[in-house]
Amino acid sequence: MSTTVNEKKQGGALAATANYLDERVGVGGILKSFGRKVFPDHWSFMLGEVALYSFVILLISGTFLTFFYQPAMTEVIYDGAYVPLKGTQMSIAYASSLDISFEIRGGMLMRQAHHWSALLFVAAAGLHMLRVFFTGAFRKPREINWLVGFMLFVLGMAAGFTGYSLPDDLLSGNGLRIIDGMIKGIPVIGTSISSGLFGGEFPGTEIVARLYGLHILLVPALILIFIAIHLFMVVIHKHTHYSGPGRTDENVVGYPLMPVYVAKAGGFFFIVFGVVMLISATFTVNPIWNYGPYDPSPVSAGTQPDWYIGWLDGALRLAPSNWDIMLFGFTYPMGVLVPLVVSLVFLGLVAAYPFAEAWVTGDKREHHVLDRPRNAPTRTGIGAAGVTFYGVLWAAASTDLIATFFQMSLNHVLTFMQVLLIVGPFAAYIITKRTCLSLQRKDREIVLHGRETGRIVRLPHGEYIEVHEPLDKFEMYKLVDFKDYRPTAVVPNKKGKITVGSRLRAAVSRLYFEDRITPVTQTELNEAQSHDHSPAVAATAPQDQLTK
Amino acid sequence: MRKRLNLSRRKPLAATLVIAAGLLFSGGGYAVATNVVATTAATEYTAEQISEGRKLFLANCASCHGLNAEGTAAGPSMIGVGAASVDFQVGTGRMPGQGSGPQLPKKNVQFTDDQILLMAAYVASLAPGPAIPDAKYLEATGDASHGGELFRINCAMCHNAVGAGGALTEGKYAPMLNDIEAKHVYEAMVIGPQNMPVFNDSNITPEDKQDIITYLAYIDENPSAGGFELGSLGPVAEGLFIWIFGLGLIIAITVWLGAKSN
């Protein structure tokens, strides 16, 4: 064999292509640094991925839908396949949505895939957000990325709502009517915004085309930009990881992007795609043909928004209707304004939380090792309170269904929810915080004394002991590796004055860290292991007896 | 002349007369308009049927509705409610009622069709009232599309756009409408049972009622083209489904993927 033949065989077409690209656009350098990015393995790190893949499915199915959907509100007489609407007057938007469902090959599947993946997109993003919150992944240096993620969640809601209104069926029209009412309730500018948005009196003939522009252009473009920033920041910050042997705030332990994660993530995309397609092929979502064309007079029972708008609908339902105020000849509909303000404040608190916590702890260190939720009892308690608040509002959007399904009075369900909205978050905070502290105490006990095996051993001198099984290293790290904060004292500033801010900070800090369980120290561990009924001593005790 | 007219206009009796005339006119007009509802005379039923029906009524209904169907504190008068009321309430099992509550639920029918007919005959004999509908209006051969439109305008706000039911105040509810006999749908519109308003023949003509029946029958016979319907309850059911089953399944997969590598 000659050497020339060998050289030709090396690499082949793939290497030649790679070399071609590298010499022109420097692919090699990019792949080298990007491909060696390390990602840790944990199921909860894949939730954001699920949201990303749902968004990809949304783009693909949405593009298909734009081929056939017509965003016009001109009235036509329907003459399609769905019998109970034949001969009915409706907008072109609704007629084309029906055609996508009944006439276009694969249209129904694509419409359902688009809607199901939209529901999944926001759900996965929400769950991802909860994972980030409860593990403290938003701490320095990731506060900005929390904000970007928060924006993505809000944009997801916006994308969903603008899309929900496009088929121009009765359900979506009812939803728009509620939005119109809310806008009109805003003092001074409300009515002008409404007539500007709808191009005159509701519903007008403009709104569907305008929402379409937002839905297929502006909102997805913003989502794409924010996703790019979100992922870019993940690369800059590197991924967080859970505590374990060798895992610190200075490193990431996991597998490289190339080839392990590219293959894994690629495969996972197809799994998510498969699940969405399976659901879309077997379960109806938003059967627009049931609701009929939009007409401002009828409202169907069971009119609800998609789940991610549900909490706002719930806020409207829970606000008492007798709060309206008359001032200078104008009515201020507090039943609309209070829910509006409360939801905005709630969103504001969610966005601001990382900054608030950083201010309370005064911690300027970088954090790359995640917290177990129980090891940050106050944060977990606050999170549980927030989830409860959101959850009650969310459930309140289906008061009517709860009432009929469980055969209860609608009025009682409503009153119960109103009370729960106020009481629930406090109860959730207290219960969660106490549960976390108890779990921490249990962990401490396990670290110091090992797991109880239930095996009783009688020692030669007659003493009975229970054998405690020591923890392995991986388990141990999980239980001891967390940061210990203490309440900050009130500190005077440079001028020697104690400011209100400083007092407030000390008070909140006390709320956060007054009740705490300190992590087990090495000294404590050594001491416990040399103690009488520790497992190591138990095992050696008989020999001691013998030698004596 | 002019003075005399003025004088008579100002007499106190004049106002009374005008009001009386107005009431007579509007009330009479209303009565004529609402009288379009088909009523049955007692003659449609034989005397034997009526007396048999009375026996059944005394044994099963009189404790609440009174020995002469005049009503008691526990149950309303049956005079003038018509055969349709009996056929609907007893034919869907709502009557005889078991226990009081915001609304009497549909349950297993307690009587045979013949017995129900006899009781209907007795109640119809008390006073004219809505009759059991003519079979020609009960066939699902009308215009489903027109029926759907009527249904959305008149029925959907309580019963939901596809008759999946809905909540009313204080524990009352609009029941589900799937697989309901056409006769009972028609009767419900005519008599307005329990919390339902009356949709008489001048409001929704018998042909319109037939269209509504056709629409409901279409929904019963044609399941959703999109797959399983999740109770036709709309976005709430869909949201719960995607959280519990969609995201649940995906999380199960992520846990599996995460576990494999460890």
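How far apart do the C-alpha centres of domain 1 of chain A and domain 2 of chain A lie? In this predicted model, they lie 45 Å apart.

## Domains of chain A

Domain 1 of chain A covers residues 1-35, and domain 2 of chain A covers 49-242 + 253-337, according to the domain assignment.

## Domains of chain B

The assignment for chain B gives domain 1 as 42-126 and domain 2 as 135-221. The C-alpha centres of domain 1 of chain B and domain 2 of chain B are 23 Å apart. Where these two domains touch, domain 1 of chain B contributes 13 residues and domain 2 of chain B contributes 13 residues. The side belonging to domain 1 of chain B is made up of five nonpolar, six polar and two charged residues.

## Contact between the chains

Chain A puts 57 residues into its contact with chain B, and chain B puts in 53 residues. Several helices of chain A give two or more residues to this side, among them α5 (92-102), α6 (107-134), α8 (170-185) and α17 (410-449). The most comes from α6(A), with eight residues. Sorted by class, the side of chain A that touches chain B has 35 nonpolar, 18 polar and four charged residues.

## The nonpolar core

The largest nonpolar core has 155 residues. Residues with the most contacts inside this core include A:L120, A:F121 and A:A124 from chain A, and B:A83, B:M119, B:A120 and B:V123 from chain B. Its largest share, 15 residues, comes from α6(A).

Which residues does B:V123 contact, leaving aside its neighbours within four places in sequence? They are B:A69, B:M78, B:V81, B:G82, B:A83, B:S85 and B:V86.

Terms used: Residues numbered from 1 in each chain as written. Chains lettered and ligands numbered in written order. Predicted model: local features only at pLDDT ≥ 70, side-chain atom pairs only at ≥ 80, totals over all residues. Contact = placed C-beta atoms within 7 Å. Helix = DSSP H or I, 4+ residues; strand = E, 2+ residues; numbered from the N terminus. Nonpolar A, V, L, I, M, F, W, Y, C, P; charged D, E, K, R; others polar. Domains from an automatic or database assignment. Core = buried A, V, L, I, M, F, W, Y, C linked by C-beta atoms within 7 Å. Buried ≥ 20, exposed ≤ 12 C-beta atoms within 10 Å, placed from the backbone.
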